Amino acid sequence: MARSKSPSPMSRPTQGGFTLAEVLVALAVLAIAMAAILGVVSQSVHTTVALRDRTQAMWLAQDRLTLHQLQRDWPAADTTSGVTEAYGREWYWREQVSTLPQTDLRSVAIDIRAAENKENLAHLVGYLRKQP
């Protein structure tokens with residue numbers, strides 16, 4: 001019977017794998033990529049929220065102008081402001097009514113803000129005609 005030889009340490013096949021340094025470099029690259037992706041997602045969410053707010057503000061401005069038209073209002077040339085509850089929050093509006101050279105027209109400029117001292121999210125100018 002022949003004796004099997006055990007392989008010598010020098011002739012053992014090397015096992016494949018990563019060194020600790022390679023794993024750490026791969027993790028560092030992955031962390032940088034994930035941080036960049038999170039930054040892009042965060043910016044996308046911020047942009048989406050801003051667009052939603054501007055769209056809702058424009059809808060409110062259009063609603064206010066349509067309300068004047070449906071009620072056949074003939075407002076005095078003045079500036080008024082108020083608060084409206086819509087879409088689960090408060091919106092601050094300001095209307096500036098101006099007379100025009102044509103005696104049967106009024107200009108109505110409507111500004112909508114999400115908070116009292118913040119920038120306008122919507123600005124709409126419409127015209128009302130005096131009904132006979």
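I counted a charge as over a ring if NZ of Lys or CZ of Arg is within 6 Å of the ring centre and within 35 degrees of the ring normal. The model is predicted, so I noted its limits: local features need pLDDT of at least 70, side-chain atom pairs count only at pLDDT 80 or more, and totals for chains, interfaces and linings use all residues. Residues are numbered from 1 along each chain as its sequence is written, and side-chain values use heavy atoms, with hydrogens and water left out.

Charges over rings. I found Arg64 over the face of Trp93, 3.6 Å from the ring centre. I also found Arg89 over the face of Trp91, at 4.4 Å from the ring centre.

Aromatic pairs. I looked for rings of Phe, Tyr and Trp (its six-membered ring) with centres within 6.5 Å; planes under 30 degrees apart count as stacked, over 60 as edge-to-face and the rest as tilted. The structure holds one such pair. I noted Trp59 and Tyr87 as tilted, with 6.1 Å centre to centre and 50 degrees between the planes. Trp59 belongs to helix 1 (residues 20-70) and Tyr87 to the loop between strand 1 (79-86) and strand 2 (89-99), 28 residues apart. Helices (H or I, at least four residues) and strands (E, at least two) are DSSP runs, numbered from the N terminus.
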